[in-house]
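Trainee: I have just opened this entry and would welcome a short tour. Where shall we begin?
Mentor: Let us look at the pockets, and then at some backbone angles.

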Amino acid sequence: ARFRQIQLPPADLVIVDEAHCSLAKWFLWLFEQYRQAWFIGLTATPCRTDGRGLGDLYQGMVQAVLPSQAIREGYLVPTKVFAPYKPDLQGVRVQNGDYVQDQLARRMDKPEIVGNVVEHWQRLALGKPTLVFASGVAHSMHIADEFNRAGIKAEHVDGKTDLAIRDGVWDRLRSGETKVVCNCNVATEGIDVPPVSCIQDVRPTKSYIKFRQAAGRGQRPHPLKVNCLYLDHAGNVAQHGFPDADVDWNLEPGKKIQDSIRE
């Protein structure tokens with residue numbers, strides 16, 4: 001792997017962003033290189049993909065702020081949830097704690113679902129800057145095409161989209177030139193486009209992290225919005241609860257975080 005060839009500087013303190021990824025090969029290798037250093041992990045969703053705690057890597061947790069407090073103090077906006085469609089996922093296989101992506105994409109990439117996404121956006125979110133989370137690359141492209149056919153300026157990005165092109169897409173979404181950006185596995189983390197005030201989730205997931213991270217892309221405060229619409233075409237709210245619920249996060253590897261969501 002390329003990361004093993006990186007020349008690392010000496011360090012007594014290592015700060016890890018997106019610390020919920022700490023069990024990835026890259027992070028585990030990094031931990032090995034700095035066995036005598038202190039590690040601080042930062043994340044909004046401190047658990048593994050399957051919802052279990054990170055206690056086999058981290059020894060203590062400081063929960064700085066609950067979503068309810070961040071919303072009260074204006075650091076986040078609340079979500080307003082509509083669930084216009086719940087897909088039939090019977091027969092879609094689960095592997096490593098989540099749906100197998102190629103099977104999921106085939107199940108979700110159907111004309112009636114794609115059309116349903118555009119129809120409900122026009123009815124509920126017309127004009128709002130929007131991020132769409134699709135179940136596959138072709139699925140994302142088809143949704144973007146359907147928006148464009150309806151006269152709504154939409155673009156698509158995925159993992160193979162050139163970084164300079166991606167930057168242009170985000171700039172056009174910020175400016176309002178583009179109304180909808182459809183993506184596959186690109187905008188879940190690390191994207192900061194505060195004007196986004198609608199999330200359309202067309203990616204069913206068993207991962208609480210993916211669910212909360214996707215919804216969070218629309219919760220950044222902006223002068224022109226008071227809330228974020230979360231349009232759930234994936235059945236994720238029925239499975240995971242509301243996207244701005246308070247959670248009593250813990251480090252216990254044997255305990256799933258879904259048991260610690262406050263009502």
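**Pockets and backbone angles**

Mentor: In this predicted model, strand S2 gives five residues to the lining of the largest pocket, the largest share.

Trainee: Which other elements give two or more residues to that lining?
Mentor: Besides strand S2 (38–42), they are helix H2 (67–72) and helix H7 (208–216).

Trainee: How many residues line the largest pocket, and which lie nearest its centre?
Mentor: The lining has 41 residues, and Leu42, Thr43, Ala44, Thr45 and Pro46 lie nearest the centre. The space in this pocket is about 1,300 Å³.

Trainee: How do the lining residues divide by class?
Mentor: There are 24 nonpolar, 11 polar and six charged residues.

Trainee: What about the second largest pocket: which residues line it?
Mentor: Among them are His20, Cys21, Asn185, Glu189 and Arg203. Its lining has two nonpolar, five polar and three charged residues, and its space is about 270 Å³.

Trainee: Turning to the backbone, what is phi for Asn185?
Mentor: Asn185 has a positive phi, near 60 degrees, and is not a glycine. Most residues other than glycine have a negative phi.

Trainee: Where is Asn185 found?
Mentor: Asn185 is in the loop between strand S8 (180–184) and strand S9 (198–201). Asn185 is partly exposed, with a relative accessible area of 43%.

Trainee: And what is phi for Asn96?
Mentor: Asn96, also not a glycine, has a positive phi of about 55 degrees. Asn96 sits in the loop between strand S4 (94–95) and strand S5 (98–99).

Trainee: Is Asn96 buried or exposed?
Mentor: Asn96 is exposed, because its relative accessible area is 74% and the cut-off for exposed is over 50%.

Conventions: Residues are numbered from 1 along each chain as its sequence is written. This is a predicted model: local features need pLDDT of at least 70, side-chain atom pairs count only at pLDDT 80 or more; totals for chains, interfaces and linings use all residues. Side-chain values use heavy atoms; hydrogens and water are left out. Helices (H or I, at least four residues) and strands (E, at least two) are DSSP runs, numbered from the N terminus. Buried means under 20% relative accessible area, exposed over 50%, partly exposed in between (1.4 Å probe, protein chains only). On a 1 Å grid over the protein atoms alone, a cavity is a set of points where a 1.4 Å probe fits but cannot get out, and a pocket is an open set with protein on both sides within 12 Å along at least five of seven lines; lining residues have an atom within 4 Å of a point. Grid points are joined across faces, edges and corners, and a volume is the space filled by probe spheres set on the points. Ala, Val, Leu, Ile, Met, Phe, Trp, Tyr, Cys and Pro count as nonpolar, Asp, Glu, Lys and Arg as charged, and the others, Gly among them, as polar.
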